Amino acid sequence: MISRTSSMKLAERVREGHLRAIARLITRVESRDPEVRQAMAELYKSTGRAHVVGITGVPGAGKSTLVAELVQEYRASGRTVGIVAIDPSSPFSGGAILGDRIRMGELVSDPGVFIRSMSTRGTLGGLARPALEAVDLLDAGGFDVVLIETVGVGQDEVDIVRAAHTTVVVNAPGLGDDVQAIKAGVLEIADIHVVSKADRPDSNKTIQELKVMLAMSLEPGKDIWRVPVVPTSSEKHSGFGELMSAIDRHAVHLEHSGEITERRRQIALTRVVKVAEEIVRDNFVRDSRSQTEELLKMVTQREMDPHGAAVTLLKAMKEKIHEAH
Amino acid sequence: MQNNDNSANVIRVMLAKIGLDGHDRGIKVVARALRDAGMDVVYTGLHRTPEEVVDAAIQEDVDILGISLLSGAHMHIFPKVLELLKAKEADDMIVAGGGVIPDDDVEELYQMGVHKILLQDTPPQEVIDSFRQLVADRGAR
């Protein structure tokens with residue numbers, strides 16, 4: 001039983017790869033339990049070993065199915081995999097239905113695979129801070145690879161690039177017109193493009209279009225990563241080994257080219273900014289509600305401009321944060 | 001911004017279908033109702049084994065594991081689930097059942113350690129209220 005066990009105690013068990021301890025600490029991180037902070041600070045020292053892969057793409061592109069297949073490849077190669085699967089929460093109730101497990105059913109009951117579903121709740125859109133801390137926990141828990149699966153709408157796809165070492169964009173044939181790839185902006189963010197459902201006759205067209213677009217954006221140079229287009233088919237169970245190899249090649253490329261240093265810096269920046277944003281938002285919404293309301297009224301009545309109100313709130317906050325953190 | 005506050009203490013529920021039971025209309029209605037009440041609902045899909053469901057519930061660290069059974073196999077499946085939770089030191093998880101279950105069995109299931117049985121004609125609001133109550137009664141974990 002781990003109920004009411006201190007987070008510091010659980011942190012020790014996370015390092016031993018204890019799945020229940022990982023699961024419970026993710027819960028505490030998600031519920032913003034202040035008691036968990038010290039344990040997370042301690043565990044952060046044990047992170048940085050896992051290769052973090054972001055998987056994004058429009059709804060229905062086949063991300064969950066791809067993850068299920070990819071995980072089997074990793075398992076066959078002897079590596080353990082942690083998965084953070086993110087689904088959007090309702091903007092009205094804040095609740096969410098997390099259905100990624102439906103397609104990942106057969107993966108559980110393998111201790112080398114850990115799946116956690118999370119909702120986007122409480123973020124400005126995009127990858128939530130708790131999701132990134134869940135990645136830390138899986139990393140500290142000894143998982144070799146951590147996959148973050150997220151819906152590629154709006155901010156998420158930019159966020160995932162700033163949180164992962166390798167970003168995989170899943171494209172499905174027949175979704176949208178010829179220029180959809182450029183319009184959606186997914187071209188630039190991918191380290192690897194997947195064309196799913198490659199058993200379908202129209203997949204070749206999608207593959208060719210992507211290749212043409214990628215060729216146009218190529219800069220000349222020796223150490224340039226050439227974004228591969230990998231066709232996969234879950235019908236035929238094909239292409240997933242190739243996808244794993246492409247991810248591995250990208251990891252090697254990051255190390256050899258030295259790009260990994262810049263990626264790590266980018267990830268650190270994202271993480272720090274996200275936490276800072278959260279602290280500010282919490283403060284505005286929860287801790288200084290009366291003052292916020294007062295200022296909102298002044299802004300509404302044109303007695304103060306939004307910038308002035310924001311600066312006033314931040315100044316008032318400065319002292320309090322100093323005390324609280 | 002009004003949704004920012006409720007990040008804390010969101011109730012997490014797993015809804016599961018175990019065994020040869022293809023009736024998922026009810027469980028999907030419940031999933032939607034719980035979501036609309038602000039809960040995070042993990043749905044397993046059909047035809048899971050008790051082992052798969054218990055392992056998944058542990059990884060998801062849900063407050064409540066809700067199992068819907070319309071196949072008549074409840075007296076076989078609930079003991080199995082409770083036994084697995086105990087073996088994996090996860091018997092602090094709240095277990096709820098729903099579906100078509102005869103009255104005599106309901107009593108026996110409660111004695112076995114199932115926390116709540118909600119039969120097929122339970123209104124969604126009652127499911128929401130009883131789930132909130134179960135989590136409140138359990139307290140911090």
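Predicted model: local features only at pLDDT ≥ 70, side-chain atom pairs only at ≥ 80, totals over all residues.
Local features are given only where pLDDT is at least 70 and side-chain atom pairs count only at pLDDT 80 or more, whereas totals for chains, interfaces and linings use all residues. Residues are numbered from 1 along each chain as its sequence is written, and chains are lettered from A in the order in which they are written.

**View 1. The contact between chain A and chain B.** In this view 36 residues of chain B are in contact with 35 residues of chain A, two residues being in contact if their C-beta atoms, placed from the backbone, lie within 7 Å. On the side of chain B that touches chain A, α1 (25-36), β2 (40-43) and α2 (50-60) of chain B each supply at least two residues; helices (H or I, at least four residues) and strands (E, at least two) are DSSP runs numbered from the N terminus. The most is given by α2(B), with 7 residues. By residue class, this side of chain B divides into 14 nonpolar, 9 polar and 13 charged residues, where Ala, Val, Leu, Ile, Met, Phe, Trp, Tyr, Cys and Pro count as nonpolar, Asp, Glu, Lys and Arg as charged, and the others, Gly among them, as polar.

View 2. Helix α2(B) is mostly covered, with 9 of its 11 residues buried; a residue is buried if 20 or more other C-beta atoms lie within 10 Å of its own, exposed if 12 or fewer, and partly exposed in between, with C-beta atoms placed from the backbone. Among the buried residues are B:Pro50, B:Val53, B:Asp55, B:Ile58 and B:Glu60. The cover over the buried residues of α2(B) includes α2 (19-30) and β4 (113-119) of chain A, as well as β1 (12-17), β2, β3 (64-69) and α3 (74-87) of chain B. After α2(B) comes B:Asp61, whose phi is positive, near 50 degrees.

View 3. Strand β3 (residues 96-98) of chain A is joined to β2(B) by 3 bridges, the two running parallel, and A:Ala96 has B:Asp40 as its bridge partner in β2(B). Within chain B, 6 bridges join β3(B) to strand β4 (residues 94-99), and B:Ser68 has B:Gly98 as its bridge partner in β4(B).

**View 4. The largest nonpolar core.** This core has 112 residues, and those with the most contacts inside it are A:Leu25, A:Ala131, A:Ile148, B:Val13 and B:Val41; a nonpolar core is a set of buried Ala, Val, Leu, Ile, Met, Phe, Trp, Tyr and Cys residues joined through C-beta atoms within 7 Å. Helix α5 (residues 129-140) of chain A provides the largest share, 7 residues. Because domain 1 (1-46) and domain 2 (48-257) of chain A both give residues to this core, it lies between them, the domain bounds coming from an automatic or database domain assignment. Leaving aside residues up to four places away in sequence, A:Ile148 touches several residues, including A:Val52, A:Ile55, A:Ala131, A:Val135 and A:Ile160.

**View 5. The sheet within chain A.** A second open sheet is formed by 7 strands of chain A in the order β4-β2-β5-β1-β6-β7-β8, with parallel pairing. Its edge strands, each pairing on one side only, are β4 and β8 (229-231) of chain A. Strand β6 (residues 166-171) of chain A is joined by 4 bridges to strand β7 (residues 192-195) of chain A, and in β7(A) the bridge partner of A:Val169 is A:His193. Helix α10 (residues 240-257) of chain A packs on the sheet, touching β1 (51-56), β6, β7 and β8 of chain A, and its direction makes about 170 degrees with that of β7(A).

Terms used:
Pairing = 2+ DSSP bridges. Axes fitted to C-alpha atoms, helices over the stretch in contact; angles between N-to-C directions.
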